[in-house]
Amino acid sequence: MEQLFVLGEDGTSRKPLFISHGDDGVPGGTGTVFRLADDPASVVKIYFDHCRDRFESKVRTMVKVKYNRPHAEFFDFAWPEALIVASSGAFRGFKMPLFANGWVLLVDLLQADTTEREYGIGDAARLKIARNLAMAVRDLHLLQARVVDLKPINIFVNINSLSISIIDCDGMSVIDIGIQDSPRFAAEHCTLDWMAPEYLEISPHDGQVVGRPVTNEEAQDQFALAKIIFTLLNRGVQPYQGRPAFEVVGSDTTAGKIALNLYPYGAGKNRIIPHKNCLYPFWPEALRLLFDRAFSVGRVRPSPEEWRACLTGLSASVKACRNNPTYHVEYPSCGCPVCTRDKNTRPPSIVAKPPGYRTQFRFSPFSSAQPNPVQPTSPPSPPLFQPAPPTLSPVNQGGSTDSLASSRRNLIGVSIVGAIVLTALITDLGPPLSSTRSSVVVDRPPLSTPLPSSPCLQEAYYNDAVRSGIDGLRRFVRACRSVGGYYLQQAERSLGIPLYSEALRCMGSSCDFNRCLAIYTDYLPAGGMLSDLQRRQQDVTARCWPSPPPRSDKHFCPNPTARVGWWCSSTQRCGTAGGCIGQNRSDARSLGTGGPHVPGPMPNSPKIPGSIPNNSSLWDHNGSLASFQADGASPL
């Protein structure tokens with residue numbers, strides 16, 4: 001192997017690379033991974049010759065947006081840290097963190113029986129692993145990075161801390177959010193069994209499942225994340241796992257069931273029989289509703305932040321199961337799902353019936369007729385006096401037609417009267433019966449529950465805004481800010497990164513800092529990235545106003561067609577086409593004859609009210625990690 005070097009952060013310094021002695025590497029689809037002799041916590045990936053050109057630009061961008069692993073106790077990534085080059089400077093690969101001792105693949109932890117026996121991991125730990133995975137995908141989406149090929153075989157779990165790590169990061173879809181119109185480096189591929197149904201189809205020729213290009217990468221990540229969480233909490237049973245009720249072409253594979261929307265509790269209801277060990281019916285309602293949204297057609301799937309919030313709440317509320325405290329958990333609303341499932345699916349015991357057993361039905365208006373076993377008894381003793389049977393008169397023996405008709409009329413009359421009395425009895429007993437039945441159904445709201453009066457509180461209105469893109473979400477936030485509610489919070493979270501990126505691009509091409517800041521604060525006055533944007537004022541000042549500050553009686557007028565502006569005196573006002581209007585025009589400072597005016601330092605930006613609750617992290621487009629405040633970014 002040729003001599004390789006680790007390229008320094010300055011892009012010029014080099015450090016010789018030493019591969020561990022005797023390490024032949026672990027080959028993959030695009031390159032080989034080697035351990036380092038002088039850095040046991042890192043590995044390097046050297047690309048095959050035919051793959052280097054395809055990955056070089058993407059890897060250079062990923063190294064530029066450096067990630068310094070701020071939440072390693074919850075999640076981490078095998079993100080490229082440094083470039084590997086040859087002595088000629090040619091690109092060869094990258095250096096990344098190693099996850100070895102104490103780490104196992106998530107695919108090896110899905111089956112509960114094996115996991116409990118080999119690693120001692122129960123259902124409480126599964127909730128935390130799922131929460132950490134949701135946090136990891138959420139932070140990737142904050143930087144507009146998409147996993148696309150999200151699956152258990154690309155995820156490691158630390159069996160001691162339960163933190164997770166996503167590998168194969170060079171196969172993700174990434175973009176440099178600090179550069180305007182930066183090209184997106186697409187993901188390499190996506191596994192069929194973990195693709196969303198809108199990107200799968202069944203060939204009419206041979207019945208094989210084929211995948212289409214992924215156009216909405218964020219929605220693809222949301223589907224794969226929900227499928228992993230379902231399988232993890234369901235102790236290895238996947239959401240589309242079951243037996244089709246009738247033969248359908250393509251339904252013999254997992255990808256085929258996804259393409260046919262054979263989700264047993266949604267579009268596939270009555271078309272597929274759920275797996276007998278599925279825990280879905282015994283989960284809390286909040287969890288079931290999120291899964292129904294994730295696997296339903298035409299609905300907005302839950303975001304990673306929604307999963308994080310739900311799983312965090314569930315993890316904090318569960319307690320150890322009384323029957324199996326080591327591995328099972330009990331939810332406050334529904335108890336232990338595993339024990340409840342086993343109790344409901346246990347076959348009934350067969351009891352030998354005693355001789356002479358007979359079944360007698362007794363009617364009760366408060367319950368449906370049920371067979372009541374009556375034990376055999378000894379024959380009753382004959383009465384002391386038995387009346388003689390009635391003798392028939394000659395007329396009766398002859399079978400008179402009038403008497404028979406009269407008997408029939410009497411019988412019909414008695415039947416009618418009995419029916420009337422029974423109907424009145426049931427009518428009188430109606431309220432207790434109704435109240436008794438309604439007391440059994442506790443998880444469903446009454447049918448008369450009205451819809452929320454404001455459209456801001458309705459999911460359909462929010463879904464329409466999401467389908468309309470960024471402009472639709474902006475309109476939603478403006479219209480619903482006074483109403484508040486859950487969907488307003490989701491819209492604000494969705495707007496965070498796009499507005500932040502737009503404000504960044506504005507600050508890179510304009511000297512009007514306040515106008516660029518307003519792009520973000522007009523919709524998110526207390527947004528999580530506000531403090532990071534405010535700190536960039538000094539960058540704008542250093543670029544636009546290198547000269548000493550002017551007198552305090554000046555105010556700034558931006559140039560609408562250039563990157564610079566004017567400092568005008570207090571007796572002047574800003575012109576619509578730039579420059580100062582009013583007296584003392586000569587006070588405006590310019591750079592050369594006919595050149596653009598160069599203003600002095602920017603005034604301090606106005607203070608934006610609002611609290612900023614929790615710390616998170618941001619990959620800075622200049623190549624360093626900057627801290628920012630993110631709404632709902634608390635790891636717990």
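Helices (H or I, at least four residues) and strands (E, at least two) are DSSP runs, numbered from the N terminus. By that rule, the chain of this predicted model holds 17 helices and 25 strands. Of its 636 residues, 44% are buried, where buried means under 20% relative accessible area, exposed over 50%, and partly exposed in between (1.4 Å probe, protein chains only).

Residues are numbered from 1 along each chain as its sequence is written, and side-chain values use heavy atoms, with hydrogens and water left out. As this is a predicted model, local features need pLDDT of at least 70 and side-chain atom pairs count only at pLDDT 80 or more, whereas totals for chains, interfaces and linings use all residues.

**Confidence**

- The predictor's confidence in each residue is given as pLDDT, from 0 to 100; its mean over the chain is 76, and 70% of the residues reach 70 or more.
- Over residues 348-353 pLDDT stays under 50, and the model has zero contacts beyond four places in sequence for them; contact means heavy atoms within 4.5 Å.
- Residues 357-401 also have pLDDT under 50 throughout, and here the model has 25 contacts beyond four places in sequence.

**The chain as a whole**

- Among contacts in the chain with a separation of 6 or more, 57% are between residues 24 or more positions apart.

**Nonpolar cores**

- A nonpolar core is a set of buried Ala, Val, Leu, Ile, Met, Phe, Trp, Tyr and Cys residues joined through side-chain atoms within 4.5 Å.
- The largest such core has 94 residues, and Trp79 and Ile166 have the most contacts inside it.
- Helix α3 (residues 123-142) gives the most to this core, contributing ten residues.
- A second, separate core comprises 35 residues, including Tyr487, Ala503, Leu530 and Cys544.

**The seven-stranded sheet**

- Strands of a sheet pair through backbone hydrogen bonds, either parallel or antiparallel; two strands are taken to pair if DSSP finds at least two bridges between them.
- An open sheet is formed by seven strands in the order β2-β1-β7-β8-β5-β4-β3, with antiparallel pairing.
- Its edge strands, β2 (14-16) and β3 (26-27), each pair on one side only.
- Strand β8 (residues 91-97) is mostly covered, with seven of its seven residues buried.
- On one pairing of β8, strand β5 (residues 42-47) runs antiparallel to β8 over five bridges, and Lys45 has Phe94 of β8 as its bridge partner.
- Strand β7 (residues 82-86) is joined to β8 by four bridges, again antiparallel; here Ile84 has Gly93 of β8 as its bridge partner.
- The hairpin of β7 and β8 has four residues between the strands, and Gly89 in this hairpin takes a positive phi near 90 degrees.
- Strand β4 (residues 31-35) runs antiparallel to β5, joined by five bridges, and Gly31 stands opposite Tyr47 in β5.

**Helix α13**

- Helix α13 (residues 469-480) has twelve residues and should span 16 Å at 1.5 Å a residue, which agrees with the 16 Å between its end C-alpha atoms; the expected span is 1.5 Å times one less than the number of residues.
- Its buried residues are Gly472, Leu473, Arg474, Phe476, Val477 and Cys480.
- These buried residues of α13 pack against α12 (459-467) and α14 (486-509).

**Leu200 and its surroundings**

- Leu200 lies in strand β12 (residues 200-202) and counts as buried because its relative accessibility is 4%.
- Beyond its neighbours within four places in sequence, the residues in contact with Leu200 include Leu192, Met195, Val209, Arg212 and Ala255.
- Ile258 is also in contact with Leu200; the two are 58 residues apart in sequence and 7.8 Å apart in space, C-alpha to C-alpha.

- Asp168 is not a glycine, yet has a positive phi of about 55 degrees.
- Asp168 is located in the loop between β11 (164-166) and β12, and is partly exposed, with a relative accessible area of 43%.
- Arg235, likewise not a glycine, has a positive phi of about 60 degrees.
- The loop between α4 (217-233) and β14 (242-244) holds Arg235, which is buried at a relative accessible area of 12%.
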